[in-house]
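Here are my notes for your first read of this structure. Keep the viewer open and check each point as you go.

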Amino acid sequence: MQIVSGGVTDVGRVRTNNEDCYRIVAPLHLFVLSDGMGGEAHGEVASALAVETVVKHCIEAIDNPAVTLYGQQQEAWTDKTKRLSSAAHLANRKIFSSAQEHADQKGMGATLTAAWIDGPKLSIVHVGDSRAYLLRSGTLQQLTSDHSLVAEQVRHGILTAAEAEESQMQSVLLRALGSQAEVEVDAEEHMVIARDILLLCSDGLTRMVIEAEIAGTLQSEPDATQAAQKLVDLANDRGGSDNITVIVVRIGAESKGWFSWLRPGARKHAAENGTAGGK
Amino acid sequence: MAKLSLMFESRLVKEVPIGSRPVGIGRSPDNDLPVDNLAVSNHHARVFFEAGRLVVEDLDSLNGTFVNDLRVERATLHDGDSIWIGKHHIKVDASGDTPISVDSKRKPTAPQINETMVLDTKQRREMLQQAAAMGERSQFAGRLKMPTLVVLTGNSDQKEYVITAKLAVIGKSKMATVRLKGWFKPEVAAQINQRDDGYYLGPGDKTPLVNDKPIQGPVRLNDGDVIEVCGLRLNFLFRE
């Protein structure tokens, strides 16, 4: 399965520091994004710790699958999903204990949205209000639920989706890494097929750019990194009120079909590879 | 005074107060709360106050310590929490003259608009209750039911499908929830995405009909809608 990815992070137009962090581990098809929170520079500490812990834990497990699993995993999950979920629990503990040990880091936390593609299987783990989307057949579909107060109110029928977008409480999260000793981690598995496009992004994108524009940009720009850059630019054009981070992952054909060379852009994509990124 | 109550099913086995000394929990009789069960390690866990907070710590037990279903190595306890050890559970009563908890020291100020913050469990519960009391338009009852696709006519591998994932596919693909059979059926004919405000049907390689009308992009499904795609007619229902 041919997978081409690209990521871009940007401080935005209002803030002075970038508390977002992301990492693409291209050879593993592992994609990790985190949005930090907490006063001073501690949001940056939290999101960097989240990303670093998740990547390290997953890479360790490749060499040694017997590495301890943290938190609870469902039996039916694949090894990758279990490992990714475990990594989220471990990252939570690391951020939490760092905040306990350093008085000045009190209250720091981070979101985490991570994806791991293994053959046709896609594992997603998620805590917070960053998002994962899958663009398939022109339809942008959200693979994660925000753990925010307004989203919870929408799920309970108290607010409409439109009211939630206007709410002043959008920044209130119900779950984040590092705020409690243990955290509930959402994990789900999907299958991906050729021409699917996976998008991971921080709320700096989704609060500024509507989904139709996101879908349009992903469809019109064949280069993953360029598409990520265009989405960041769009969010900045709209005000860029928060840090913006975007990872775009394009899923190619499962194998080289007889006529694959006829597909537009097939050769161009084959020549490219994912870029390692992050702050 | 804060106390721990060891329970076996609904039966109270033993109750101990939590003072300045840690409360030991385990199979060995020298524990403050001895738990007589082979699944419990000799010195399984301990509970103690630390910086005004009640903490449970697993002592590298074989089968683990769980707080409200989550396996923990170490966790802060709150009033009403349950610690599960083997088949026993320990109810946490921190309602007495507990030293001031970190949570209650936090000022209940309104959140700043642009600064992301996280609510703790208690704040969350309170806020949702307030919000629930305010909201009248409650589709709540409907949303607690499981969304189900019931096959009305056509060839499919099951008579009905419960949608559990964020993304459910109707098509020939191996990953499809509703699996279509036949040579010329598309891999992904249509797809259903669970959003916060409901379930949305989107086109795949085909344009499905909802209540006999072709959809233009994703549409929110209502209880009782009839979906038609690739010769299959499905009734979308919220079921208990």
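1. Start with contacts. Two residues are in contact if their C-beta atoms, placed from the backbone, lie within 7 Å. By that rule, and leaving out residues up to four places away in sequence, A:Cys201 touches A:Ser130, A:Arg131, A:Thr206, A:Thr245 and A:Val246.

2. Know what you are looking at. This is a predicted model, in which local features need pLDDT of at least 70 and side-chain atom pairs count only at pLDDT 80 or more, while totals for chains, interfaces and linings use all residues. Residues are numbered from 1 along each chain as its sequence is written, and chains are lettered from A and ligands numbered from 1 in the order in which they are written.

3. Overall form of chain A. Helices and strands here are DSSP runs, numbered from the N terminus (helices: H or I, at least four residues; strands: E, at least two). Chain A has eight helices and 12 strands. Its C-alpha trace spans about 60 × 45 × 35 Å along the principal axes. The radius of gyration is taken over C-alpha atoms, and the globule rule is 2.2 Å times the number of residues to the power 0.38. For 279 residues a compact globule would come near 19 Å, and chain A agrees, with 18 Å.

4. Burial in chain A. A residue is buried if 20 or more other C-beta atoms, placed from the backbone, lie within 10 Å of its own; it is exposed if 12 or fewer do, and partly exposed in between. In chain A, buried residues make up 57% of the 279. Of the contacts in chain A between residues at least 6 apart in sequence, 70% join residues at least 24 apart.

5. Two strands pair if DSSP finds at least two bridges between them. In chain A, five strands form an open sheet in the order 1-12-11-7-8, with antiparallel pairing. Strand 1 (3-10) and strand 8 (139-142) of chain A are the edges, each pairing on one side only. From one strand to the next, the twist averages 20 degrees. Angles run from 0 to 180 degrees between N-to-C directions, and axes are lines fitted to C-alpha atoms, for helices over the stretch in contact. Strand 7 (residues 131-136) and strand 11 of chain A pair over five antiparallel bridges. There, A:Leu134 stands opposite A:Leu198 in strand 11. Helix 7 (residues 224-237) of chain A packs on the sheet and touches strand 1 and strand 12 (244-251).

6. Back to A:Cys201. Where does A:Cys201 lie? It is in strand 11 (residues 197-201) of chain A. A:Cys201 counts as buried because it has 28 C-beta neighbours inside 10 Å. Its C-alpha is 14 Å from that of A:Gly240, 39 residues apart along the chain.

7. Strand 3 of chain A. Eight of the eight residues of this strand (residues 30-37) are buried, so it is largely enclosed by the rest of the structure. In a regular strand the side chains alternate between the two faces of the sheet. Here both faces are covered: A:Leu30, A:Val32, A:Ser34 and A:Gly36 are buried on one side, and A:Phe31, A:Leu33, A:Asp35 and A:Met37 on the other.

8. Partners of strand 3. Strand 2 (residues 20-25) of chain A pairs with strand 3 in the antiparallel sense over six bridges. A:Val25 stands opposite A:Leu30. Four residues sit between these strands in the hairpin, where A:His29 takes a positive phi near 55 degrees. Strand 5 (residues 112-118) of chain A pairs with strand 3 over four antiparallel bridges, and A:Thr113 is the bridge partner of A:Leu33. In strand 4, A:Gly109 is the bridge partner of A:Met37.

9. Helix 2 of chain A. Of its 23 residues, 17 are buried, so this helix is largely enclosed by the rest of the structure.

10. Chain B and the interface. Chain B has three helices and 23 strands. Buried residues make up 30% of its 240 residues. Across the interface, 45 residues of chain B are in contact with 39 residues of chain A. Helix 2 of chain B gives the largest share of the side that touches chain A, five residues. Strand 9 (residues 172-173) of chain A and strand 12 of chain B pair in the parallel sense over two bridges. In that pairing, A:Leu173 stands opposite B:Val118.
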